[in-house]
Structures are given as structure tokens and as C-alpha cells.
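Here is a short briefing on the structure below.

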Protein chains: 2
Amino acid sequence: VAAAVFPDTGRAWVVGVTGPPGAGKSTLVDGLVACARAGGARIAVVAVDPSSPLTGGALLGDRVRMQGHATDPGVFVRSMATRGYPGGLARATRGAVRVLDAAGWPWIVVETVGAGQVDVDVAGAADTLVVVVAPGWGDALQADKAGVLEVADVHAVNKADRPGADETARDLAAARPGVEVVKTVATTGEGVAALWDAVARHRARLTAAGEVEARRAAGLAHEVRALVEQDALARARARTGGPAFDAVLEEVAARRLDPLAAAMRVSAG
Amino acid sequence: VAAAVFPDTGRAWVVGVTGPPGAGKSTLVDGLVACARAGGARIAVVAVDPSSPLTGGALLGDRVRMQGHATDPGVFVRSMATRGYPGGLARATRGAVRVLDAAGWPWIVVETVGAGQVDVDVAGAADTLVVVVAPGWGDALQADKAGVLEVADVHAVNKADRPGADETARDLAAARPGVEVVKTVATTGEGVAALWDAVARHRARLTAAGEVEARRAAGLAHEVRALVEQDALARARARTGGPAFDAVLEEVAARRLDPLAAAMRVSAG
């Protein structure tokens with residue numbers, strides 16, 4: 001499906017929202033949806049949860065979440081749970097975003113729970129990447145093993161009514177000059193409109209600078225490279241099993257064939 | 001060279017010594033060498049240091065270390081520094097061990113600094129794996145991202161004159177029943193003979209159980225698999241560059257070719 005719709009993609013603006021668990025991303029995304037609707041824009045949300053093994057659970061999540069928008073035809077929500085193979089969740093997420101893009105949704109929010117590789121893939125596919133942290137910059141740095149803070153286009157310091165919010169906002173601003181930092185309290189809605197405005201400003205800046213196509217091309221190039229490498233690894237793993245491979249291993253165990261020569265034989269076979 | 005000598009390998013007993021930085025592995029290995037020599041056995045040491053970029057530095061290290069054995073023809077020491085390609089250090093280390101094995105060294109100690117992948121590769125190539133920790137089991141667990149503690153054949157709690165040594169030894173014994181835990185103070189030599197005896201007992205047990213060949217075969221199978229995967233990735237990376245790849249990326253950026261179809265074209269090309 002994603003392949004068939006690909007020629008019709010590239011019209012939506014994709015907003016990635018990521019950050020460590022507990023930062024309050026879901027509530028913040030609900031607030032951003034309300035901002036978009038207040039401005040008359042239709043908006044779709046793809047919520048990625050690598051920790052949920054059940055698609056059923058994710059579907060239930062759709063109903064529990066976004067209740068304020070449940071009867072609004074201008075809002076679409078789809079939750080994505082884990083897939084059974086490496087890279088599968090990221091691939092399924094990109095496919096869902098493309099289907100929504102081709103279907104004409106002008107704004108698409110992709111929300112991830114801050115779990116490493118998926119975040120990196122989402123970051124590569126987002127036109128504007130919002131990284132959400134709660135007060136406590138040291139913790140955020142610890143949680144940022146995947147390095148998404150370094151590629152954020154907008155920073156949100158959520159739960160900004162808690163101690164340390166100003167310090168965290170200041171540290172982020174100092175670490176990444178030129179990247180807007182917005183303090184939010186998603187549960188009360190405070191600062192959420194300002195965050196939505198910051199996203200719109202980032203979009204306007206990128207568009208005015210003529211950088212949108214180059215940024216998307218770089219993301220697509222990264223995606224193609226990753227797919228080629230995944231395919232190569234899958235083929236390699238298919239070759240390192242079965243009777244022919246076992247026969248090679250027996251030669252190695254008997255020290256008649258050295259491991260590198262064995263690997264070359266398997267790679268060529 | 002490693003390929004040529006491979007048929008003559010499998011006679012040495014390879015002892016891996018690994019653990020987090022600061023555990024005192026080098027001093028402990030010096031002590032184990034003294035134990036081997038006291039028993040009349042010739043012994044070679046391959047010291048792996050992924051943090052040293054200079055072969056020259058490693059050579060100097062050979063001279064600085066093991067000064068007590070510098071004039072002993074029954075001791076051989078070779079330091080390995082980083083190589084410029086992924087997996088290169090592990091491959092070079094295995095090659096060095098095989099050359100020493102084929103040359104008739106009956107005991108070979110491979111010492112690594114506890115830096116992830118190299119440890120895992122060393123663990124797979126060792127007949128007896130000694131994992132060294134200093135008192136402070138929580139820290140050791142933190143440092144054990146690569147999971148080598150789980151595959152240790154013998155545990156050494158070095159710096160056992162420091163507070164917490166008994167607790168660490170007790171925790172290790174509880175976590176891995178059946179795996180010997182030896183407390184050592186490498187700087188004074190305390191417990192080092194007991195550690196060497198524990199290594200010898202592990203060898204005797206593995207040999208009596210007839211498990212040596214199966215264990216080595218499993219290690220070699222892991223090595224061949226890793227080489228096949230490395231080769232596949234290297235080929236994939238070679239294909240994702242150059243004018244032909246750039247032409248494919250242009251088609252993708254123009255949305256005339258979807259990323260998966262592009263990847264299939266690149267993989268086949």
C-alpha cells in the first residue's frame with residue numbers, strides 16, 4: 001500500500017514528537033491537535049508504542065485517547081504497536097504516515113515513546129522534530145542514548161510547573177542556540193499554543209530557506225540505505241543456517257577450513 | 001597467516017580475562033603468568049586495548065608491562081591496539097591467538113579492557129572465561145552492558161581488600177550458582193594462585209565432561225556467522241554510494257520510485 005501511494009506523498013507536514021518516557025508527550029500531542037483544530041486545520045496522529053505487543057491494546061488505546069476529538073472528522077488517530085521483526089515498526093510507521101499523506105491529511109503528528117532506534121527513524125522522517133523533556137536536564141541527557149536531542153527542531157520542556165523547568169529550558173537553549181525552547185504544562189494547556197506556533201515558525205523558516213526538499217531527500221536516502229543494509233543482513237542470516245551451512249561448520253570444527261575462508265564460501269554460495 | 005596456521009590450532013587452552021576498566025585485570029594477568037611459570041607451563045598473553053590508537057604505544061606497553069617476565073623465554077606478550085575497521089580488532093586478536101596456538105604455546109591468556117563487542121568476541125573464543133570485577137556489584141552490573149558476566153566460567157573479585165568485597169562475591173555466587181568466585185588482591189598476590197587453580201579446575205571439568213570440542217565448535221560457528229554478516233554489510237555499504245546509487249536516490253526524491261523498490265533495485269544491482 002505504501003509503495004502505491006508514494007507518488008502522492010510529500011504534501012503533508014510531518015511533526016515528530018519524541019522524548020523520554022514520562023515527559024507527557026501524549027497529553028501534549030492532544031493539546032497540539034486542539035491547536036490545529038482551533039486554527040481550522042485537519043490533523044492526523046500516528047502514535048508509536050514499541051512496548052505494546054498487542055495491536056488490540058493499541059486499538060483500545062485509540063479509543064481511550066483523544067476522547068475530546070472522538071467525534072471530530074477533522075482528527076484521525078492510529079496507534080502502532082510492535083512488529084515481530086527488527087525495523088518492522090519503523091517501516092510500518094512510515095507506511096501509515098505515507099497513506100495519510102496521500103489521503104490528503106495536511107498535518108501528521110508522529111508520536112514515539114522515546115525508545116532508541118524508532119526515534120531516530122521518526123526523526124529522519126519528520127519535517128519538524130519536537131523533543132519533549134520534563135524538568136531535569138541531566139536525566140534527559142541520560143535518556144538520550146539515541147541522540148535525538150541533538151537533532152531537535154523545537155524543544156518542549158513539559159511539566160513546566162515543576163521545579164527545575166527554567167534551568168532545563170536555559171540549559172537546552174545554551175546547548176542548541178537557534179532552536180526554540182517552549183515551556184509547557186500539557187495538563188492545563190499552558191504554553192501549548194506557543195509550542196504549536198513554534199512548530200509553524202519552524203515550518204515557515206524551512207520553507208522560506210528552500211530547505212524542505214533537501215531535508216526530505218536526505219531522510220529518504222537514509223531510509224533507502226537502511227533498507228539495503230537490512231536486506232543484506234536478512235540474506236546473510238538466511239545463508240547461515242540449514243544443511244549446507246552445517247556442512248561448512250563441520251569442516252571448520254575439524255580445522256580443515258578456516259573461519260574466513262568458510263565465511264567467503266557461505267557468502268558466495 | 002591465521003588461515004595458514006588454522007589446521008594446527010586447537011591445542012592451546014585459551015583463557016579470556018575481561019571486566020570493567022579499573023578492575024585490575026593487567027596486574028591479575030601478571031599474577032596468573034607467574035602461577036603458570038611456577039608450575040613449569042609456558043604461557044602467552046595477548047592484551048587487547050581498543051582505546052589505544054597507536055600500535056607504537058602498544059609495543060611500548062609490551063616493554064613496560066610484564067617486566068618480571070621480560071627475560072623469561074617461557075613467557076610471550078603481545079599487545080593489540082585498535083584497527084581502523086569494525087570487527088578488525090577482534091579479528092586481529094583471534095589471528096594472534098591462532099598463531100600462538102599453532103606455534104605450540106600451551107596456555108594463552110587474552111586480556112581485554114571490558115569494552116563491549118570485543119569482550120563478547122573474546123568470550124566466544126575462550127575455553128575458560130574469567131570475568132574480573134572490583135567490589136561494588138551494582139557498578140559491575142552497570143558496566144556489563146555486553147552481558148559477559150552472564151557467560152563467565154570463573155568470577156574474580158579483585159581488590160578484595162576493599163570494602164564490599166564479601167558482599168560482591170556473595171552476590172555473584174547467588175547470581176550464578178556453580179560458577180566459582182575467587183577473591184583476589186592482585187597487587188599483593190593474595191588469592192591469585194587460587195584463581196589459577198579455579199581456571200585449571202574449569203578446564204578439568206570441561207575436559208572430563210567431553211564438552212571442549214562442542215564449545216569450540218559453537219564459538220567457531222558464531223565467528224563464521226559474524227564474518228558472513230560483516231561481509232554482507234560491507235557489500236551493502238559499497239552499493240549505497242557512487243553515481244548509480246545517487247541516480248536511484250534522485251528517483252526517490254522525485255517520488256517516482258518508492259524507498260523499498262529503490263532498496264530492492266540497489267540490492268540486486
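## Strand pairing in chain B

Val48(B) stands opposite Thr112(B), a residue of strand 4 of chain B. Helices (H or I, at least four residues) and strands (E, at least two) are DSSP runs, numbered from the N terminus. This is a predicted model, in which local features need pLDDT of at least 70, side-chain atom pairs count only at pLDDT 80 or more, and totals for chains, interfaces and linings use all residues. Residues are numbered from 1 along each chain as its sequence is written, chains are lettered from A and ligands numbered from 1 in the order in which they are written, and side-chain values use heavy atoms, with hydrogens and water left out.

- Strand 2 (residues 43-49) of chain B is largely enclosed by the rest of the structure, because six of its seven residues are buried. Buried means under 20% relative accessible area, exposed over 50%, and partly exposed in between (1.4 Å probe, protein chains only).
- Six bridges link strand 2 of chain B to strand 4 (residues 107-112) of chain B, in the parallel sense. Two strands pair if DSSP finds at least two bridges between them.
- Strand 2 of chain B also pairs with strand 3 (residues 75-81) of chain B, parallel, over seven bridges.
- Asp49(B) has Ala81(B) in strand 3 of chain B as its bridge partner.

**Chain A overall**

- Chain A holds 11 helices and seven strands.
- Of its 269 residues, 49% are buried.
- Among contacts in chain A with a separation of 6 or more, 74% join residues 24 or more positions apart. Contact means heavy atoms within 4.5 Å.
- The accessible surface of chain A is about 12,300 Å², and carbon and sulfur atoms account for 56% of that surface. Areas come from the Shrake-Rupley method with a 1.4 Å probe; for residues, only the protein chains shown count as cover.

- All six residues of strand 5 (residues 128-133) of chain A are buried.
- In a regular strand the side chains alternate between the two faces of the sheet.
- Thr128(A), Val130(A) and Val132(A) point one way from strand 5 of chain A. Leu129(A), Val131(A) and Val133(A) point the other way. Both sets are buried.
- Strand 1 (residues 13-18) of chain A pairs with strand 5 of chain A in the parallel sense, over four bridges. Val17(A) stands opposite Val130(A) there.
- Strand 6 (residues 154-157) of chain A runs parallel to strand 5 of chain A and is joined to it by four bridges. Val133(A) has Val157(A) as its bridge partner in strand 6.

**Thr112(A)**

- Thr112(A) lies in strand 4 (residues 107-112) of chain A.
- Thr112(A) is buried, at 1% relative accessibility.
- Its side chain makes a polar contact with the side chain of Thr18(A), at 2.8 Å. A polar contact is a pair of N or O atoms within 3.5 Å; within protein, one must be able to donate a hydrogen and the other to accept it, and residues adjacent in sequence count only if both atoms are side-chain atoms.

**Thr184(B)**

- Thr184(B) sits in the loop between strand 7 (180-183) and helix 8 (192-208) of chain B.
- Thr184(B) is buried, at 0% relative accessibility.
- The side chain of Thr184(B) makes a polar contact with the side chain of Asn158(B), at 2.9 Å.
- Leaving aside neighbours within four places in sequence, the contacts of Thr184(B) include Leu28(B), Val157(B), Lys159(B) and Leu195(B).

**Positive phi in chain B**

- Most residues other than glycine have a negative phi.
- Phi of Lys159(B) is near 60°, a positive value. Lys159(B) lies in the loop between strand 6 (154-157) and helix 7 (165-175) of chain B. Lys159(B) is partly exposed, at 22% relative accessibility.
- Phi of Arg255(B) is near 65°, also positive. Arg255(B) lies in the loop between helix 10 (243-253) and helix 11 (259-268) of chain B. Arg255(B) is buried, at 14%.

**Symmetry of the copies**

- Chain B superposes on chain A by a rotation of 180° with 0.1 Å of shift along the axis (RMSD 0.1 Å). The two copies are therefore related as by a two-fold rotation axis. Superposition is by least squares on the C-alpha atoms of residues with pLDDT of at least 70 in both.
- Ala232(B) comes closest to the rotation axis of the residues of chain B, at 2.8 Å (C-alpha).
- The copies meet through the same surface, because 100% of the interface residues of chain B are also interface residues in chain A.
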